[in-house]
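Biologist: Could you take a close look at how the secondary-structure elements pair and pack against one another? Please work through the contacts carefully.

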Amino acid sequence: MNNRSQEKYDVIVVGAGPAGSTAALAAARAGLKCVFFERAEEPGQKNMFGGVLHYSESLNELIPNYWTQAPVERYVTKYNTTFITPDSSISFTLEDARFGREPYNGFTLLRSKFDRWYAEKAREAGALLVPETTVDDLVWKDNRVTGVRTGRSDGVLHADAVIVANGANSLLAEKAGYAKNPSPSNFSVAAKEVLALPEETIDQLFELKGKEGLAHLFLGECTRGVEGGGFLYTNRSSLSIGVVAKLSALQRKKISIADLLENFKTQPLIKNKIKDATLKEYSGHLIPEGGYKTLPKLYGNGLLFAGDAAGFVCSTGLTLEGMNFAIASGLAAARAVVRAREKGDFSEGQLAYYQELLERNFVLQDLKTFRRAPAFLSNPRLYELYPPLACEIASRIYRVNGEPRKNILSIMREETKGKISMWGLVKDVIQGVRALIWT
Amino acid sequence: MDIEEKLTRVRFRVDQAPHIKIDKSLCETCLDQVCLYVCPVKNYVLNQEEIVFSWQGCMECGACRIACENKAIDWSYPRGGFGVCLRYG
């Protein structure tokens, strides 16, 4: 960065994850002089997710048929959700052959490989990647952002606009006063293992063929009833297995996230699958799950927030999306900056175009549609009461033990008795319907 | 498998200076001790009723910073190029 601090850039992007690299790629393609910072030695080394990259229109626009060149693992054709108790489980499976055809519904992938590939695309397009560099603060002048202060000795770099895409734990968003004091009830933490298994073994174990993949979510005993869940995703020749739990719930129940993962791995459904697998890597990460109602201020004078730093994660309990939101928001941020440059105006009023773009595409629409999902999903009964209840009712429906059989309504009455009132049950159902079904 | 063994599968470029500092005077009066539960690598442990912490195996997720409502944790990212280096992610 010799003498580079003297130069002025059109746009500075903080972070080379999916949001940051998208912004850098789109800005560079539009002819903007762009620099993007990454605190790791190489992009991808600090990044982790479940996970699945769901279909991204924005990525397909920037890199047509991205799946032909991106380091993706398998396309997901099977989505499973399982309620789990120590002795029993109930599963729901969706298989759809259409998900296995272009443009594909979603891909499992490994972030260290994907993010590195993607940042390289932005670099090839002409954006300057500066790795091994933290951005410690924004530089302000007359109530507008004019640059960033980096951890390097030659410190400050100036630009007309700064796109902050530095992830869920965005100290910059807080320092700028854009994100409120983060609350433990709006964040979850994940612990994950990547476990190696031969490709053919994975195909056999999960009844997949070719590059078909599985996304499997678990609720209940896998987190010992703590708000959160377990996940299993099939990569080409490895599994991504982990647990997610709300920070406030771990505190309330005094259970360690690391122990929850060990507990999850002892569940028969998981244990049998991973008995011959070898651990390749262990990792942890933070997830912003507050949704629409806790979004920070998204833009200001010369400043925009994208990806996890903006809280763009959408969870419905059945699906969890973040990467496609990050990419779409990174593209919208770059477009807003490109237009601001055309107008020669980087004020908050002009950058409001960013919000307009997000409202026009799925990012803010989906978050708004499922705005009540975070409150619904923080109902402890969803994790500690309903999974065992559903399993027990189902088990009794199938159970034949010589006793006279009872009808299903009687079973349901007996099983819910003392655990939840009819009124409590109705209230939870209404909340669920309002959060996810009739929003 | 315990955390120490799991961490042998992860590459770290450890900085000599810690990127996290804790104010032990605040920890002494803390009843929640939520740091014990939210850290994916159990960097916070109880040793004779005292919170002891290490930063070397830190995943840099920031869960402890957000969970500690006593504000006893002074959290920053490691210097550029240091810390966890995931190969899979």
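Modeller: Two strands are taken to pair if DSSP finds at least two bridges between them, and helices (H or I, at least four residues) and strands (E, at least two) are DSSP runs numbered from the N terminus. The model is predicted, so local features need pLDDT of at least 70 and side-chain atom pairs count only at pLDDT 80 or more, whereas totals for chains, interfaces and linings use all residues. Residues are numbered from 1 along each chain as its sequence is written, and chains are lettered from A, and ligands numbered from 1, in the order in which they are written.

In chain B, strand 3 (residues 44-47) and strand 4 (residues 50-53) pair in the antiparallel sense over 4 bridges. Among the partners across this pairing, B:Leu46 is bridged to B:Ile51 of strand 4 of chain B, and B:Asn47 is bridged to B:Glu50 of strand 4 of chain B. The two strands of chain B form a hairpin with 2 residues between them, and B:Gln48 in the turn has a positive phi of about 50 degrees.

Turning to the helices of chain A, the axes of helix 1 (residues 18-29) and helix 3 (residues 111-124) come within 8 Å and cross at roughly 20 degrees, where axes are lines fitted to C-alpha atoms, for helices over the stretch in contact, and angles run from 0 to 180 degrees between N-to-C directions. Helix 1 and helix 3 of chain A are therefore roughly parallel to each other (angles under 35 degrees count as roughly parallel, over 145 as roughly antiparallel, 65 to 115 as roughly perpendicular and the rest as oblique). Their contact is made by A:Pro18, A:Ser21, A:Ala24, A:Leu25 and A:Ala28 of helix 1 of chain A, and by A:Asp115, A:Tyr118, A:Ala119, A:Lys121 and A:Ala122 of helix 3 of chain A (two residues are in contact if their C-beta atoms, placed from the backbone, lie within 7 Å). These contact residues of helix 1 and helix 3 of chain A divide into 7 nonpolar, 1 polar and 2 charged (Ala, Val, Leu, Ile, Met, Phe, Trp, Tyr, Cys and Pro count as nonpolar, Asp, Glu, Lys and Arg as charged, and the others, Gly among them, as polar).

Helix 9 (residues 323-343) and helix 10 (residues 348-360) of chain A have axes that come within 8 Å and cross at roughly 150 degrees, and these two helices of chain A are therefore roughly antiparallel to each other. Among the residues making this contact are A:Ala332, A:Ala336 and A:Ala340 of helix 9 of chain A, together with A:Leu351, A:Tyr354 and A:Leu358 of helix 10 of chain A. By class, the contact of helix 9 with helix 10 of chain A has 9 nonpolar, 2 polar and 3 charged residues.

For helix 14 (residues 386-398) and helix 15 (residues 408-416) of chain A, the axes come within 10 Å and cross at roughly 145 degrees. Here A:Leu389, A:Glu392, A:Ile393, A:Arg396 and A:Ile397 in helix 14 of chain A meet A:Ile408, A:Ile411, A:Met412, A:Glu415 and A:Thr416 in helix 15 of chain A, and the residues of this contact divide into 6 nonpolar, 1 polar and 3 charged.

Between the chains, 38 residues of chain A are in contact with 32 residues of chain B. Helix 3 of chain A is one of the elements that each supply at least two residues to the side of chain A that touches chain B, but the largest share of that side, 8 residues, comes from strand 15 of chain A. The residues of that side of chain A divide into 17 nonpolar, 13 polar and 8 charged.
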